[in-house]
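The stops below go from the whole chain to single residues.

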Amino acid sequence: MAGMYPIQIKKIVRETAKAVTLYFEIPPHLRGEFDYEPGQYLTLEVEIDGKKERRPYSLCTSPLADSGPAVTVKKLEGGLVSTYFNDVAKEGDTIQVMAPDGKFVPQLDENNFKQYLLVGAGSGITPLMGILKSILAFEPFSNVNLVYGNRDQENIIFKNELHELETKFDSRFKVIYTLSRPLPGWEGASGRIDQFSCHTLVKGSSIDLSGAEIFLCGPGEMIKGVEDFLHGEGVDEKRIHKEYFTL
């Protein structure tokens with residue numbers, strides 16, 4: 001079918017018990033087709049029980065910091081395709097993939113002196129990973145704050161990679177975690193990301209919102225709550241970028 005290309009899964013990394021990252025091997029003759037911008041997505045097609053199924057998944061990689069494209073797929077309850085990629089797909093498999101698309105993309109400039117606020121919940125972290133890695137790699141004078149919500153410690157996707165990035169870019173990158181149902185031993189913030197928790201998660205962390213560029217990715221309820229908080233702080237709607245995800 002036009003627009004779909006046979007692409008091999010080069011590597012599969014288990015991020016959590018319910019999430020995997022699929023790294024793709026792009027053939028040399030298709031690399032131009034698969035040039036992408038941070039925050040974009042790929043549409044994947046697989047055949048399950050004789051029926052072709054398509055789903056879009058955000059790229060979690062950065063074209064400026066990573067060697068090749070990858071998407072992270074969180075297994076959803078009753079999710080046919082997400083279950084397939086978590087439980088059935090293997091390294092070396094070839095699937096049909098559509099070229100990158102999407103407008104949830106930062107306008108990067110190496111001369112920027114910007115503050116970025118990224119807010120994500122659950123699998124909403126995936127496009128934010130590509131965005132934050134690109135900012136850190138390409139804008140040496142910009143700072144990034146990530147507010148990241150999850151159910152519990154065991155479901156934090158990219159926890160180790162985020163820790164490594166915080167260590168490497170300690171003066172320019174900070175992660176603020178909050179867990180809705182933390183397991184014993186958690187000492188960070190608790191609760192969902194909403195209008196009221198943002199007063200603690202964002203303002204309590206002394207994040208400067210004046211002029212900040214803001215990217216939100218997660219369920220509609222979370223995005224609405226964060227937007228209400230931002231509007232209350234006088235943030236211009238033009239600086240708020242949104243991508244709606246289920247958890």
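This is a predicted model: local features need pLDDT of at least 70, side-chain atom pairs count only at pLDDT 80 or more; totals for chains, interfaces and linings use all residues.

Residues are numbered from 1 along each chain as its sequence is written, and side-chain values use heavy atoms, with hydrogens and water left out.

**Whole chain**

Select everything. The chain has 5 helices and 12 strands; these are DSSP runs numbered from the N terminus, helices being H or I of at least four residues and strands E of at least two. Its C-alpha trace spans about 50 × 45 × 30 Å along the principal axes. Of the 247 residues, 51% are buried, meaning under 20% relative accessible area with a 1.4 Å probe, protein chains only.

**The parallel sheet**

Next, select the 6 strands of the open sheet, in the order E10-E9-E8-E7-E11-E12, with parallel pairing. Two strands pair if DSSP finds at least two bridges between them. At the edges are E10 (189-190) and E12 (240-244), each of which pairs on one side only.

Zoom to E7 (residues 115-121) and E8 (residues 143-150), which are joined by 7 bridges. Show Tyr116: Val144 in E8 stands opposite.

**The antiparallel strands**

Move to E3 (residues 41-48), where 6 of the 8 residues are buried. E3 pairs with E4 in the antiparallel sense over 8 bridges, and Glu45 stands opposite Arg54 in E4. In the hairpin of E3 and E4, 2 residues lie between the strands, and Asp49 has a positive phi near 55°.

E3 also runs antiparallel to E6 (residues 94-98), with 2 bridges between them. Here Leu44 stands opposite Val97 in E6.

**Glu53**

Finish in E4 (residues 51-58), at Glu53. Is Glu53 buried or exposed? Its relative accessibility is 11%, so Glu53 counts as buried. Show its side chain together with that of Arg55: the two make a polar contact at 3.5 Å. Such a contact is a pair of N or O atoms within 3.5 Å; within protein, one must be able to donate a hydrogen and the other to accept it, and residues adjacent in sequence count only if both atoms are side-chain atoms.

Leaving aside neighbours within four places in sequence, Glu53 is in contact with Leu44, Glu45, Val46, Ile48, Leu80 and Val81, where contact means heavy atoms within 4.5 Å.

Key. Buried means under 20% relative accessible area, exposed over 50%, partly exposed in between (1.4 Å probe, protein chains only).
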